[in-house]
Structure formats: C-alpha cells, structure tokens
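Here's a quick briefing to read alongside the model. Have the sequence and the 3D view open as you go.

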Amino acid sequence: MSELLPIDLADLKEIPQEIITSVRESVEVTFESISGSRPEFHENGDENAPMNGIIGHITVFNSYHTLTLMVAIPRETALSISEVFCGMEIPFESDDMGDLVGELSNILAGEVAASVEQVGFTGQSSLPTVTRGSDLKLFMPNKPPTARLRFEGSGGGFWVNLALYESVSRK
Amino acid sequence: MSKIKALVVDDSKIMRSAVKRTLNQLMLADFEYVEAIDGEDALEKFSEDIQIVFLDWNMPRMTGVEFSKAVRKKGNTEHIPIIMITAEKSMGKVDTALNEGGANAYVTKPFTADQVSQVLSRYIDKNGNFLTENGDQGEKKSFFKDMLNFNKQ
C-alpha cells in the first residue's frame, strides 16, 4: 500500500508532485546511463500531436494503485537510441526494435519503482508491452490523473506519459 | 583454457545479445552459451555441465528468482554461480534474490562491462579458468553488505 496516496483516488485530480519528480529523475538517470548524456527536461511537455513512432507501456503497481508509464519515442529518436544501445541501428519495423523499447521501458520501470519507493509508493513492475505505428495519439478514457513529461536527448526528443489508477484487484 | 558453459536467461533477445557481447569483449574467458527466454525454458535447458548462469528477473511464465530457487532445490548446484542481471533496483529485491532466491551476485541494468568484470573476477582467474569453489555464503553476504552501503551513500 502507498503511504503517499489515499486508497480511493476518486478525488485525486493530479499525480502527486513527489511521484512526478521521481519519474522525471528516473528518466534522466536511465537515459544518461544508456546514452552517456542526460536528457533535458522541458516544462511545456503537454502538446499531444499524433506521433509516428513506438510506445513502450509498463506499470509499477501494488494491490491498491497502478502507476502507468508510457514511453513515447518518435521513429528517428528510436533509431538513434538503437544505435547507442546495440552498437548499430536496428530497423524500425523489426521485432528487435519492439524488444529494445520493451527492455528500455523495463529498465525505466525498475528505476522508477526504486525511486517512488523512497517517497512512499511501494510497488513492483509489470512486463512491458510495445505499440508501433503512425498517427499514434495517447488518450485516457477514464480521465485518471495524468502527467506528460517531455525530454530532449542527444538522439532526439521523446515523452513519458504517466497515469495513476486504482488497481483492478481492489475493485 | 577450456570453454566455460554459460546459461544466459532473458526474455529480451537484445539483452541476451548484450550480455554475450559484453562477456566476449571482456575476454576474461572463452564462453560457450546456452540461451533461454524465461525461467521455464531455462529449467528445461539447465544441465549439470552449466557452469555459470546470467539471469534476468522479470520474465513471463517463470521469473528469474523462481528459476534460481528451483535450481538450488535440485541440490548439488551450490557451486554454480547465479548472477542476476535485472532492472529491479530496490534493496528489497536485492535481498530477495540473494538471500531467498539463492543468487550469488546482483547487477542492475543497464550494466557496464566494468560491473560484469568485477563480479566475474570472483569466479574466473586471470588465466580464464573457472574457480569452482567461489561464491560461498560468506562472500555473498559481504557483497550484499557492500551493496547496501553503496546504495545508502
């Protein structure tokens, strides 16, 4: 259970800043350790234009709450990351690209889980899933508290979208 | 120098390749690889001639820690080092893997060649020979203590 959040999230309008800051720092640490340079965080990351790229989905959850992370990476950034991570560019349409973004999401979720634990959210990470396509646009049908963080790394820009839900097991 | 038979377990092909590439680049020993895509696959491929295991945690069907427990339960496997290579970073997870799961060492992703080299130096000598008597409980506890201290800094 989380010490940071009420069990019932019905009245929670925003993700607590402590969680957002933990995720932001986790993204910076993770991408820095992979690419050697720290991505720059951009405050105005709320634009939500359709994207041609790939999205890694993963959650950090406990029996009460689920923090969903969606790592949205445009095609050119994904190609650049693949070159750094694998030592060569991976074709965007290949299974290996999905594998790479899934693993990247997994590494990020591990960092996030350890980081949010420090601010009172204890959870474990799920397995990742990956979506690839064009004109991709994220939206949250149940209107949970969300946050959209934009980063600019050495290989290009990317976004990390957060959503906070009550876990299904509690219902 | 004989080949060291290593079982590399990860549901990500990219990560299995990264582990093998790192081990080859380090040139600490000559490795022969057996690959598995999850704990269940690893259990099927596990044989008495496996000398070292590189093991992810979060995998479908059977996790790395479940695999590690199952291998230790077989008996006569205490001499086989199990190196966790995982994205799980919380100290509770490290504790579970080393003290309940029977793993000998813990490396977090994304790992560096130096980190892998440091761990392997406990099991492989300068001539690339495998030190079969390594990885005892005392050493594991000491490593765990070091890691706890490192994380507290």
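Over which residues of chain B does pLDDT stay under 50, with 8 contacts beyond four places in sequence in the model? That would be residues 134-138 of chain B. Keep in mind that this is a predicted model, with an ipTM of 0.86 and a pTM of 0.88.

**Confidence in chain B**

- Chain B averages a pLDDT of 87, and 85% of its residues make it to 70 or more.
- Helix 2 of chain B (residues 39-45) has the highest confidence in the chain, at 98, while helix 6 of chain B (residues 137-152) has the lowest, with a mean of 45.
- Residues 148-153 of chain B are another stretch where pLDDT stays under 50, and there the model has 2 contacts beyond four places in sequence.

**Layout of chain B**

- Chain B has 6 helices and 5 strands, and from the N terminus they go β-α-β-α-β-α-β-α-β-α-α.
- Of its 153 residues, 43% count as buried.
- Take the contacts in chain B between residues at least 6 apart in sequence: 66% of them join residues at least 24 apart.

**Helix 1 of chain B**

- Helix 1 of chain B covers residues 13-26, and its 14 residues should span 20 Å at 1.5 Å a residue; the end C-alpha atoms sit 20 Å apart, so the two agree.
- Its buried residues are B:Ile14, B:Met15, B:Arg16, B:Ala18, B:Val19 and B:Leu23.
- Within chain B, those buried residues pack against strand 1 (4-9), strand 2 (31-36), strand 3 (52-55) and strand 4 (82-86). They also pack against helix 2 and helix 3 of chain A.
- Just past the end of helix 1 of chain B, B:Met27 has a positive phi of about 55 degrees.

**Where the chains meet**

- On the chain B side, 12 residues are in contact with 18 residues of chain A.
- The chain B residues touching chain A split into 5 nonpolar, 3 polar and 4 charged.

**Helix 2 of chain A**

- Helix 2 of chain A (residues 75-86) has 12 residues and runs 16 Å from first C-alpha to last, close to the 16 Å expected at 1.5 Å a residue.
- Its buried residues are A:Thr77, A:Ala78, A:Ile81, A:Ser82 and A:Phe85. Looking down the axis of helix 2 of chain A, these fall within an arc of 140 degrees, so they line one face of the helix.
- What do the buried residues of helix 2 of chain A pack against? Their partners in chain A are helix 1 (17-35), strand 2 (51-61), strand 3 (65-74), helix 3 (95-117) and strand 7 (156-166).
- Just after helix 2 of chain A comes A:Gly87, with a positive phi of about 80 degrees.

**Strand 7 of chain A and its partners**

- Strand 7 of chain A pairs with strand 3 of chain A in the antiparallel sense, over 8 bridges. A:Thr66 has A:Tyr165 of strand 7 as its bridge partner.
- Strand 6 of chain A (residues 146-153) also pairs with strand 7 of chain A in the antiparallel sense, over 8 bridges. Here the bridge partner of A:Leu149 is A:Val160 in strand 7 of chain A.
- Strand 6 and strand 7 of chain A are joined by a hairpin through 2 residues.

How values were computed:
Residues are numbered from 1 along each chain as its sequence is written. Chains are lettered from A and ligands numbered from 1 in the order in which they are written. This is a predicted model: local features need pLDDT of at least 70, side-chain atom pairs count only at pLDDT 80 or more; totals for chains, interfaces and linings use all residues. Helices (H or I, at least four residues) and strands (E, at least two) are DSSP runs, numbered from the N terminus. A residue is buried if 20 or more other C-beta atoms lie within 10 Å of its own, exposed if 12 or fewer, and partly exposed in between; C-beta atoms are placed from the backbone. Two residues are in contact if their C-beta atoms, placed from the backbone, lie within 7 Å. The expected span of a helix is 1.5 Å times one less than its number of residues. The arc is that of the directions from the helix axis to the C-beta atoms. Ala, Val, Leu, Ile, Met, Phe, Trp, Tyr, Cys and Pro count as nonpolar, Asp, Glu, Lys and Arg as charged, and the others, Gly among them, as polar. Two strands pair if DSSP finds at least two bridges between them. pLDDT is the predictor's confidence in each residue, from 0 to 100.
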